[in-house]
Amino acid sequence: MTDDPPLLHPRPREPDADGILERSPYPLVSIAIAVIAVVVITIVGFTLGTVDLGLSIAVNALHTGAIGAFSTAVYHVISPAPAIGITVVMVAGIWWRTRDLRPALAFGGTIAITWVPSAIVKEIVHRARPDVAVLPHPFPVQPDAGYPSGHTVYITVFVIALVWLLRETRWRRLALWLGIVAIVVVFLAVSIDAVHYPTDAAVSILWALAVAPGARVVWVDWLMPRILPLRPRRG
């Protein structure tokens with residue numbers, strides 16, 4: 001009797017390749033979507049101009065009292081330096097909790113590879129931020145361009161990576177819903193502060209949703225297994 005065809009004997013799943021370490025079934029599709037999204041979002045950025053300046057002025061009118069103080073606090077809390085610190089602490093916490101460096105670095109690397117390129121596109125497009133001269137409650141002038149919003153990209157990919165990390169746990173749904181709330185809060189905060197146009201923030205959410213799966217494939221599925229200490233363990 002001949003052996004069964006190989007397709008009847010699929011390769012066993014690696015016993016610890018779950019959560020954010022679970023390999024993508026369609027890696028090339030994820031990469032293609034990410035590349036197309038980056039190209040399209042970059043091109044769109046050159047066409048926006050001040051299309052939603054009126055909306056920025058209207059939303060900025062809400063920047064008073066407790067709302068204004070809260071939105072400004074949110075903006076400062078996830079500025080680049082604090083955001084990097086938060087990510088480092090999370091990576092350390094995941095490593096300590098799981099006693100495994102791989103999910104910790106998968107989490108941090110996915111965030112970095114999704115977030116950093118958005119800063120490059122920001123410099124390429126160089127869309128100006130809302131004109132402080134016409135805002136009812138202007139924020140101090142920011143030195144860099146505003147499209148896409150790094151704050152919004154960061155919080156969105158942070159939530160995505162956290163949900164992937166908790167994929168096999170009972171905390172996944174809670175992380176998802178709290179994460180959605182956090183994304184909405186950051187979107188409103190940067191819009192109310194008028195440090196970004198609402199379109200800057202909206203496109204940044206789309207950026208993270210489209211780019212993060214490809215970034216995870218590149219880092220977790222392709223690069224990490226080539227690094228000896230990060231190779232999957234065999235059961």
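## Helices, surface and salt bridges

Ile180 lies in helix 7 (residues 172-192), where helices are DSSP runs of H or I with at least four residues, numbered from the N terminus. The model is predicted, so that local features need pLDDT of at least 70 and side-chain atom pairs count only at pLDDT 80 or more, while totals for chains, interfaces and linings use all residues. Residues are numbered from 1 along each chain as its sequence is written, and side-chain values use heavy atoms, with hydrogens and water left out.

With a relative accessible area of 36%, Ile180 is partly exposed; buried means under 20% relative accessible area, exposed over 50%, and partly exposed in between, with a 1.4 Å probe and protein chains only. Ile180 and Ile57 are separated by 123 residues in sequence and by 25 Å in space, C-alpha to C-alpha.

On the surface, Phe46, Val116, Ile120 and Ile124 form a nonpolar patch with about 410 Å² of accessible area together. Such patches are made of residues with over 30% relative accessible area and no salt bridge, nonpolar side chains being joined within 5 Å. Helix 5 (residues 101-125) gives the most to this patch, with three residues, whereas Phe46 lies in helix 1 (residues 27-48) and is exposed, at a relative accessible area of 53%.

Helix 5 also packs against helix 8 (residues 198-223) at an angle of about 125°, their axes being 8 Å apart. Axes are lines fitted to C-alpha atoms, for helices over the stretch in contact, and angles run from 0 to 180 degrees between N-to-C directions. The two helices are therefore oblique to each other, since angles under 35 degrees count as roughly parallel, over 145 as roughly antiparallel, 65 to 115 as roughly perpendicular and the rest as oblique.

Turning to charged pairs, a salt bridge is a side-chain nitrogen of Lys or Arg within 4 Å of a carboxyl oxygen of Asp or Glu, and by this rule the count comes to seven salt bridges. Three of them are listed here.

| Asp100 | Arg102 | 3.2 Å |

Asp221 and Arg216 are both buried. Arg102 is buried at a relative accessible area of 4%, and Asp100 is buried at 12%. By contrast, Asp144 counts as partly exposed at 31% relative accessibility, while Arg129 counts as buried at 13%. Salt bridges that share partners also join Asp52, Arg127 and Asp200 into one network.

Terms used:
Patch = residues over 30% accessible without salt bridge, like charges linked within 9 Å, V, L, I, M, F, W, Y side chains within 5 Å. Areas by Shrake-Rupley, 256 points an atom, 1.4 Å probe, with all protein chains shown as cover.
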